Structure formats: C-alpha cells, structure tokens
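Hi everyone, thanks for making time this morning. Have the structure open in your viewer if you can, and let's walk through it together.

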Amino acid sequence: MLKQKDLLGLYELSAEEILSVLAEGAKLKAALRKGKKQFSDLAGKSVVTLFYENSTRTRCSFDLAAKNLGANVVNLGVATSSVQKGETLIDTGKTLDAQQNDYMILRHPVAGAPRLLAKTVKAHVINAGDGMNEHPTQALLDFLTMQERFGSIKGLTVAIMGDISHSRVAKSNLYGLKKLGAEVRLFAPSTLMPFGLDRMGAKICRTREEAVEGADVVMGLRIQLERQHAGAFPSLGEYAKYYGVNETVMKYAKKDAIVMHPAPVNRGVELTTALIDGEQSYIEDQIFSGLAVRMAVFKALA
C-alpha cells in the first residue's frame, strides 16, 4: 500500500497512499472492536523500538500493534544502551540491522534522524516523531477518527490551536489534511506561530473565534511546559484565558463539531476539563484509532 520502504512523514505520501492506510485501519479498528486481537501478518518478524525521547501513548501503541500482528518486539532502553557510551545512531542502526530486525520505530529529538536511519538500514523505519518535523502516525490516527465521525475528510474545516511552532503533530496534520481536501486553520500566540505555514495551505487566524467559526474539528495542541521558561507567553493562566479552548469558544464551531487533542492534555490550559470529558471529545477514540492505524502501517510496509 505504500510505495516507500519506510514511513518518514506525510509530506511525501500521496492522498491515495494515505487513504489506503485509513481504509485498512478502519477494517482493523472494526475487528478490534469485536475483540479480535490475534493476527498473523507479522508472524516471525522482529520489531525494535528506539525512543530517544519520553513517550507513553505512542510507544505502547506501537508495541501493542506489533504484538497484535504476531511480531516479536524488543524495546531498546536508550538510557541503558550503548548510546550512553557514545554510540551513534548510524552504528546503533547497523547493529540492529545485523540482528535481522525487520522494523525500527524511531523517536528522536533531532529532525531528520529517521531519514538518516532509513538510509543506513535494510529494515523498515517508521518515524514516531522527529524533533519539530513530523509525527506521521499521529496524524493518520487523527484522520481515521475524523473519517469515522464524518464519513470523509474532504470538505472538513479543521482548527488546530496551541503550540504550532514546536508541534510535529500540527505539521503532519497540515500536510495530510490538505492532500485529503480539508481546510486547515491555525491559531496560536504569535511567539508560537512559525512563519510560512500559510504558503503551505494553512489559514492563519488572528483570534480563537476566527479559527473555530464553523469548524468541524477543533484540535488542541499541548503547550510544552518546558518551553514556558523561554517566555513565549506570560503564564499558563493567561494562555488559558486568551488562547485556550473553552465552552464559550466552542459555540462558534458547528453544533456537531468534535474536540481532539494528541494528548497528554494540560487540563484547563489548552482545553477545559468539561470539554476533555464532554460528549464532543474524541480524545479517547484517537488513542483507539492509533492502535488500528499503526497496525495498518505495519501491514502497508510489509
């Protein structure tokens, strides 16, 4: 289903390739709903996860997805590996390749690291987030959630709000949503809005209300608390007051609009607790979609 050996980002995928992964993901999600967890597509295959950054949802999701498909999974503890002795990513990749691992799942703080690894190894490399570049499987699971809810992504209006500058989720969503025919609106404090995204098809909004007006999907992005020390905005309280999404802001969206977030959520900052736990929230469904989509990605590369 995918033309490339690896999944490095949505920038290089066609709409047809994205839709093929979503179609397979929908089938797998339906099977998972019925309680089926045993598949044999990756029987005899080996999957290794290399996470140079902390992760709970993404790492666990990839682990479960591979095991559901029958693969043997090894989680490489970077903190206790030879990386701490100075081993380079290339040498780590060559070592794992020599051990005949079939898939390598990489999360890395440096943008472009998965591409470098993919050029080095024979194994399929899947980008689980690289720096401020892309997080392709997160965007794919977002698309599956939207598609299931609305039937199609074409024609949807999606408002993405939060720390756009540091968000690889926002970039992957922008690339994919535009290819699938959606309108993408971005809103953030000017200190968290990178230059040039309008040239990539995004509508840059000046207010929350402008971003949410008539939107089908309102997606919050995590304010990275570690960035707060850089002075990007005065305080979390002021961010929530002037940039966060609350019930009043959501009234500008369509009545059947849904609330999404890649999680973890800073409650009361990007979204109010009432929205996170309310009927419009599809955050938990996103997590479920992630398992199905990652299984679909494994199959697409196989």
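Let's begin at Gln 100, which lies in the loop between α3, residues 89-98, and β3. Please keep in mind as we go that this is a predicted model. Is Gln 100 buried or exposed? Its relative accessibility is 65%, and the cut-off for exposed is over 50%, so Gln 100 counts as exposed.

For context, most residues other than glycine have a negative phi, and most peptide bonds are trans. With that in mind, please move along to the loop between β9 and α10, where you'll find Ala 263.

Now for the rings. A pair of aromatic rings is described by the distance of the centres and the angle of the planes. How many aromatic pairs are there in this model? The count comes to five. One of them is Phe 62 with Phe 298, at 6.1 Å centre to centre and with 80° between the planes, which makes the pair edge-to-face. Phe 62 belongs to helix α2, residues 57-68, and Phe 298 to helix α11, residues 283-301, so this pair ties together parts that are 236 residues apart in sequence.

Phe 298 has another partner, Tyr 103. Here the ring centres are 5.1 Å apart and the planes meet at 85°, so this pair is edge-to-face too. It also links distant parts of the chain, because Tyr 103 is in strand β3, residues 103-108, while Phe 298 is in helix α11, and the two are 195 residues apart. Put together, Phe 62, Tyr 103 and Phe 298 form one aromatic cluster.

And how accessible is that cluster? Both Phe 62 and Phe 298 are buried. For Phe 298 the relative accessible area is 0%, and for Tyr 103, which is buried as well, the value is 2%.

Arg 294 lies over the face of Phe 62, at 4.9 Å from the ring centre. Elsewhere, Arg 149 lies over the face of Phe 150, also at 4.9 Å from the ring centre.

Let me zoom out to finish. The protein has 11 helices and nine strands. Its radius of gyration is 19 Å, close to the 19 Å that the globule rule gives for 302 residues, so the protein is as compact as a globular protein of that length. Along the principal axes, the C-alpha trace spans about 55 × 45 × 35 Å.

Of the 302 residues, 55% are buried. The accessible surface comes to about 13300 Å², and carbon and sulfur atoms account for 51% of that. As for contacts, take those between residues at least 6 apart in sequence: 74% of them join residues at least 24 apart.

That's my tour, so over to you for comments.

Notes. Residues numbered from 1 in each chain as written. Predicted model: local features only at pLDDT ≥ 70, side-chain atom pairs only at ≥ 80, totals over all residues. Heavy atoms only, no water. Phe/Tyr/Trp six-rings, centres within 6.5 Å; stacked < 30°, edge-to-face > 60°. Helix = DSSP H or I, 4+ residues; strand = E, 2+ residues; numbered from the N terminus. Buried < 20%, exposed > 50% of the residue type's maximum accessible area, 1.4 Å probe, protein only. Lys NZ or Arg CZ within 6 Å of the ring centre and 35° of its normal. Rg over C-alpha atoms; globule rule 2.2 N^0.38 Å. Contact = heavy atoms within 4.5 Å. Areas by Shrake-Rupley, 256 points an atom, 1.4 Å probe, with all protein chains shown as cover.
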